[in-house]
Amino acid sequence: MHAHKIIAIIISSQVGVTSQKTMRLLPAAGRKTTQKVAACCMCINKPVFKTLPGQKISRLELGGALGTPQEKIFVAAGSEVRGYTKKGKQFLSFEANLAESIKAMHIAGADLFVCASYIYNHYCDCKDQDYYLSGDKINDIVCLPAETLGRIVPVLACQDRVLRVLKGSELSYAVEVPGPPTVLELNNQDGGGKGEVLYGTADGKLGLVKITESSPVQIWDIHNEKKKGGILCIDTFDIVGDGVREILVGRDDGTVEVYGLDSTNEPSLRFEHVLSESVTSIQGGCVGKESFDEVLTATYTGWVTGLTSETQREEIGPGDEVKMSRETQNKIAALRAELEQLQLKVLQEREKYQQTSQSSTAVSAVPVFSVNDKFTLCQDDASYSLTLEVQTAIDNLLLQSDVPIDLLDVDKNSAVVSFSECDSESNGNFLLATYRCQANTTRLELKVRSIEGQYGTLQAYITPRLQPKTCQVRQYQIKPLSLHQRTHTIDQNRPMNTLSLTGQFSFAEIHSWVVFCLPEVPEKTPAGESAIFYFQNTFLGTQLETTYSKGEGHFKSDNISTISILKDVLSKEATKRKINLNICYDINEDSVNHTLRMIHPKLEYQLLLAKKVQLIDALKELQVHEGNADFLIPEYRSILEESTHLLEEYKKQPAHLERLYGMITDLFIDKFKFKGQNVKTKVSQLLEILDNYDLNSLMDFFNVA
């Protein structure tokens, strides 16, 4: 906002655990009058109605006849869509007869658009119109109004980093976006009259794309430079009052952002506020006080919070008195009374529980609690981010892994971590770590880095602050090629190694093997007779192309180690199913030097960083002894000046150098393994060369060994 405007929390109400996009503001009766809030089918301003408990509500949308106020409330629960008037009368119950629950929904007049995981359906007056089977999971849907292109145009946000634009039951074209899109919103709530769609991605990028009849036009995108959370919700609203709608963004790390457009229509961040939970819905409107607009948010555990544009702070001089208005006094008195009632209720329930627990006839019931978890690969630092969010405070978290992984520091994480010794040889335990959380911690973010070729399971045991003590276990698969990420295209000019498989296996079987080996591959077997996927290694930048169909599979990569891992894992999976594989490979010698050149800048940087960190203590001693650092050469003075940053960088990357050494060693062994030679006895010589690193010496060693 403008510098003179103070944004403050003015509403706080709780409705229960919410899903993405399940809060909407009903249209106001007049300009700047307060609006009602529909959140999981509950109106909060003055509770108007509440539905009976039932299946979890996955989406909430507003609708109505075209050209009239959109004030009818539609909710999706399971595979059913229900409609309510703003006073709570149910007028629609439509069963979509989908095999899966509805994940996304859009309403336009008499047209209803619903999406399950892979299936899109269009109904008009509750009658089937169109159907489409997506190649990957559908995360959201919006539809361009008929005025834009002469027909309603559905746009699907799909997990494989594309927006699919449909025409009837057919794919018109696909729009490539820089990350897995999680949310879509029409710009200016109508597409800006030009077919403009805002999108947010799981890795925190925000973009605007124009949808035309035949092709897309990318207008702008904002990269996630500060590594904030993924985007869950977007809205557009004129919060500043200058006649131009700002873009409101809610993220899964609790960040609320307001972006304004400059004179060249480029977005810039105007305001930022951080909540303690993920923001599942965001809306702009007038709720708390007439004539003052607010940014309204709903969080995962159901807190509905408003950020107002009303000035909340007054400047006073010395000796001046601050007089509170009657309205403010009444508001404070009402809050105090509500707080006292809640405290009394908690005491009564606590006493009741104590009496019941001591009774001889008492039956202990395990308390049920919701966990919102996400395990995603971060492209920037080639690590996995594990985010856990619980509807009540977390007491502790135990992490256990049967594969070697490194835990990385996370600035936002205030939990105390302790490690237990593991006996990896006898029971396959490589990690046992316990996080003890501070009071009222409901969200925990961790980072781990895996080693490609070593695969297994990471388990999280989540214990909340509940009585009696209970725990939930969540499992996350660490895949053989865990650091690979889907991409749209690859560079075909690189020197490629090829692995080819043939045998008596079905298309579904080889697809399941690819799913087992690589992240971001849809579990559902693709439609058609063959599939092709492209991947990039987020750590090294090497690439992989997979092409397969019934009875054959071809894998191309510029990294021999990637081909070696695939050969070993696919052979093992085929043997489990008693399928004979014919394996042949074509190794390109040039690819080895190419991979070493790709590793070179990272290795050089880490060696230099390690050398600088080793010098810091000695240089500080000299500085103390001499009284200043003026006598040092500029290079050493620079190390002293940057010592804090260098130590932080070194701490953030534990075992980074060892990891690079390991990759070069694997590359060396794999190169000669394909020639039928065992060179493990020469590894010690390789390590000596790495300790006195020079790229040309290393390449010569690889060539002559």
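**Exercise 1. Aromatic pairs**

Task: state how many aromatic pairs the structure holds, and classify the pair of F94 and Y123.

Solution. The structure holds 13 aromatic pairs. Rings of Phe, Tyr and Trp (its six-membered ring) pair if their centres lie within 6.5 Å; planes under 30 degrees apart count as stacked, over 60 as edge-to-face and the rest as tilted. The rings of F94 and Y123 are 4.9 Å apart, centre to centre, with 75° between the planes, and the pair is edge-to-face. This pair links distant parts of the chain, since F94 belongs to strand β7 (residues 90–95) and Y123 to strand β10 (residues 119–124), 29 residues apart. Strands (E, at least two residues) are DSSP runs, numbered from the N terminus. F94 and Y123 are both buried; buried means under 20% relative accessible area, exposed over 50%, partly exposed in between (1.4 Å probe, protein chains only).

The model is predicted: local features need pLDDT of at least 70 and side-chain atom pairs count only at pLDDT 80 or more, while totals for chains, interfaces and linings use all residues. Residues are numbered from 1 along each chain as its sequence is written, and side-chain values use heavy atoms, with hydrogens and water left out.

**Exercise 2. A second pair**

Task: explain why the pair of F533 and Y548 is tilted, and say which strands the pair ties together.

Solution. Take the geometry, then the position in the chain, then the accessibility. The ring centres of F533 and Y548 are 6.3 Å apart and the planes stand at 40°, so the pair is tilted. F533 lies in strand β38 (residues 530–537) and Y548 in strand β39 (residues 543–549), so the pair ties together parts 15 residues apart in sequence. F533 counts as buried, at 8% relative accessibility. Y548 is buried too, with a relative accessible area of 1%.

**Exercise 3. A cluster and two charges over rings**

Task: which residues form one aromatic cluster, and over which rings do the charged ends of K72 and K602 sit?

Solution. One aromatic cluster is formed by F668, F672, F701 and F702. A charge sits over a ring if NZ of Lys or CZ of Arg is within 6 Å of the ring centre and within 35 degrees of the ring normal. For K72, the ring is that of F91, with the charged end 5.9 Å from its centre. For K602, the ring is that of F539, and the distance from the charged end to the centre is 5.7 Å.

**Exercise 4. The largest cavity**

Task: give the volume of the largest cavity and describe its lining by residue, strand and class.

Solution. On a 1 Å grid over the protein atoms alone, a cavity is a set of points where a 1.4 Å probe fits but cannot get out; lining residues have an atom within 4 Å of a point. Grid points are joined across faces, edges and corners, and a volume is the space filled by probe spheres set on the points.

1. The count comes to 1 cavity of 30 Å³ or more.
2. The largest cavity holds about 50 Å³ of space.
3. Its lining consists of K21, M23, R24, V183, E185, C233, I234, S281, I282 and Q283.
4. At least two lining residues come from each of β2 (23–25), β16, β20 (231–237) and β24 (279–285). β24 gives the most, with 3 residues.
5. The lining has 5 nonpolar, 2 polar and 3 charged residues. Here Ala, Val, Leu, Ile, Met, Phe, Trp, Tyr, Cys and Pro count as nonpolar, Asp, Glu, Lys and Arg as charged, and the others, Gly among them, as polar.

**Exercise 5. Positive phi**

Task: where do D125 and K227 lie?

Solution. D125 is found in the loop between β10 and β11 (127–133). D125 is not a glycine, yet has a positive phi of about 50°; at 54% relative accessibility, D125 counts as exposed. K227 is found in the loop between β19 (216–222) and β20. Phi of K227, also a residue other than glycine, is positive and near 55°. K227 is partly exposed, with a relative accessible area of 46%.

Technical notes:
Helix = DSSP H or I, 4+ residues; strand = E, 2+ residues; numbered from the N terminus. 1 Å grid on protein atoms, 1.4 Å probe; cavity = no way out; pocket = protein on both sides within 12 Å on 5 of 7 lines; lining within 4 Å.
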